[in-house]
Amino acid sequence: MSPGNSSHALAFLLTGIPRMAHFHRWVFIPFGLMYLIAMLGNCTILLVVGVHHKLHEPMYYFLSMLATTDLGLTLSTLPTVLCVFLFSTREISFPACLTQMFCIHAFSFMESSVLLAMAFDRYVAVCCPLRYSSILTGARIVKIGLGIIGRGTLTLLPLICLLTQLPFCRSHVLSHPYCLHQDMIQLACTDATLNSMYGLTLVLIVVLDSLLIALSYTMIIRTVLGITSREEQAKALNTCVAHFCAVLIFYIPLSGLSIIHRYGKNTAPISHALMANVYLFVPPMLNPILYSMKNKAIRKGLLRLLCQRVAWPGH
């Protein structure tokens, strides 16, 4: 396609797992299981928090936000992954690809913001317990939630505008069964430095989130070490374990994917696919499992919900 042609007439070709095209239907089995676990797990978290009034507290409101962003991230990739692996339909139009890219990156950005808000929640709970209810009021949580949505969407709009101005006249084959910004700009037939720099700016904002989370945990650990009772120390740290694990399983694959796309052009295609799939599929699947295992209130709420469902037919 010549640079003068409209981008909206353009179509990209999605790619499954490199060198495994003949086994895509079998490969979809683990993907399907991850989708199923992610959707059931996050919907269950939302249901448990919504039904039980004892869980209507700041910590669980933030957990509900995390479950919502994980569901959004899961559903953003589902249509094209289904088409590529089950129906061998690889073609996607430019507007559809742009929409999917926006959703994936927006929900990723929102997830980073939610994890930062949860770190602030844990900092206040451990370091300022007497002021917890006065700092994290219902109105303030609503403002934080709206801020997370605004931050995740408005910061992505310039990226969309910049992409619509790019002519794509090289190979139209993408590296994944979904559209990512890092992947799309590599196919532009003109200088995409501005797009790349803006994308890097967004990555740096996410890096800042991770640094602020690390700072909050540094202060939490300092406070916990000042507690004389070992039992109280363990209790304080135990409230942070699930969140700390969620931080690791989100930021480590995200950092790896960014590094591979920017500096690993000579690496094997399978490494790109593996890192992207881990980044998009593993956190939404593991987060509800982590919180169900590590959070006693969530476990009790889930058991109470199951008991009510079992007892219902007898009434």
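This briefing describes surface, helix, pocket and loop features of one protein structure.

The model is predicted: local features require pLDDT of at least 70 and side-chain atom pairs count only at pLDDT 80 or more, while totals for chains, interfaces and linings use all residues. Residues are numbered from 1 along each chain as its sequence is written, and side-chain values use heavy atoms, with hydrogens and water left out. Helices (H or I, at least four residues) and strands (E, at least two) are DSSP runs numbered from the N terminus.

**Nonpolar surface patch**

- A nonpolar surface patch of about 1000 Å² is formed by Met20, Phe23, Trp26, Ile29, Leu33, Leu36, Ile37, Leu40, Ile289 and Met293.
- Patch residues have over 30% relative accessible area and no salt bridge, and nonpolar side chains (Val, Leu, Ile, Met, Phe, Trp, Tyr) are joined within 5 Å, like charges within 9 Å; a salt bridge is a side-chain nitrogen of Lys or Arg within 4 Å of a carboxyl oxygen of Asp or Glu.
- Two helices, α1 (24-51) and α11 (269-294), each supply at least two residues of the patch, and the largest share, six residues, comes from α1.
- Ile29 lies in helix α1 and counts as partly exposed because its relative accessibility is 44% (buried is under 20% relative accessible area, exposed over 50%, partly exposed in between; 1.4 Å probe, protein chains only).

**Helix α3**

- Helix α3 (residues 94-127) has 34 residues and should span 50 Å at 1.5 Å a residue, which agrees with the 49 Å between its end C-alpha atoms; the expected span is 1.5 Å times one less than the number of residues.
- Of the 34 residues of α3, 24 are buried, so the helix is largely enclosed by the rest of the structure.

**Largest pocket**

- The largest pocket has a volume of about 560 Å³, the volume being the space filled by probe spheres set on grid points joined across faces, edges and corners.
- A pocket is an open set of points on a 1 Å grid over the protein atoms alone, where a 1.4 Å probe fits, with protein on both sides within 12 Å along at least five of seven lines; lining residues have an atom within 4 Å of a point.
- Its lining comprises 20 residues, of which Arg122, Lys235, Ala236, Asn238 and Thr239 lie nearest the centre.
- α9 gives the most to this lining, with four residues.

**Individual residues**

- Leu10 sits in the segment before β1 (11-13) and is buried, with a relative accessible area of 3%.
- The C-alpha atoms of Leu10 and His24 are separated by 25 Å.
- Ser88, in the loop between α2 and β2 (91-93), has a positive phi near 55 degrees and counts as exposed at 56% relative accessibility.

Definitions and conventions. Areas by Shrake-Rupley, 256 points an atom, 1.4 Å probe, with all protein chains shown as cover.
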